[in-house]
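Student: I have a model open and want to go through it piece by piece. Can we start with the helices?

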Amino acid sequence: MPSTAQYLMLSGTLFAVGLIGVIVRRNMITVLMCIELMLNAVNINLVAFSHHIGNLDGQLFAIFVICIAAGEAAVGLAIIIQLYRLRGSINVDDARSLNG
């Protein structure tokens, strides 16, 4: 079984990839997927520390994060669809101004 340090390395790598994707990418769907990747990295941390400590609090928080991520994905995709209908593009730069 992998050690806690190995889980933390995996989580750190996933979080870094997600953060780089949020900073570098301009497609809103890709940015949304990178945010989900970052949330999954946090879940790995929570479960790894929960297992290391020996209680279920981290796993409970991970379930809450999964529920919040599902809601965030639904609302985020709805916003992206409406932006595409309004502007014809899902580029992050096109969404910076609120005027039509």
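Student: What should the 31 residues of helix 3 span, and how far apart are its end C-alpha atoms?

Tutor: This is a predicted model, so local features need pLDDT of at least 70, side-chain atom pairs count only at pLDDT 80 or more, and totals for chains, interfaces and linings use all residues. Residues are numbered from 1 along each chain as its sequence is written, and side-chain values use heavy atoms, with hydrogens and water left out. Helix 3 covers residues 57–87 and should span 45 Å at 1.5 Å a residue; its end C-alpha atoms are 44 Å apart, which agrees. The expected span is 1.5 Å times one less than the number of residues. Helices are DSSP runs of H or I, at least four residues, numbered from the N terminus.

Student: What comes just after helix 3?

Tutor: G88, with a positive phi of about 80 degrees.

Student: Which residues of helix 3 are buried?

Tutor: G58, A62, V65, A69, G76, I80 and L83. Buried means under 20% relative accessible area, exposed over 50%, and partly exposed in between, with a 1.4 Å probe and protein chains only. Helix 2 is part of what covers these buried residues.

Student: Which residues make up the largest nonpolar core?

Tutor: Six residues: M28, V31, L32, I80, L83 and V92. A nonpolar core here is a set of buried Ala, Val, Leu, Ile, Met, Phe, Trp, Tyr and Cys residues joined through side-chain atoms within 4.5 Å.

Student: What does L83 touch?

Tutor: Leaving out residues up to four places away in sequence, L83 touches M28, G88, S89 and A95. Contact means heavy atoms within 4.5 Å.

Student: Now S50. Where is it, and is it buried or exposed?

Tutor: S50 is in helix 2, residues 28–53. S50 is buried, at 3% relative accessible area. A polar atom of its side chain lies 2.4 Å from the backbone oxygen of N55. Beyond four places in sequence, S50 touches N55, L56, D57, G58 and Q59.

Student: And T4, what is it in contact with?

Tutor: T4 lies in helix 1, residues 4–24. Apart from neighbours within four places, T4 is in contact with A48 and H52. T4 and F49 are 45 residues apart in sequence, with their C-alpha atoms 7.3 Å apart in space.

Definitions and conventions: Helix = DSSP H or I, 4+ residues; strand = E, 2+ residues; numbered from the N terminus. Polar contact = N/O pair within 3.5 Å; in protein donor to acceptor, adjacent residues only side chain to side chain.
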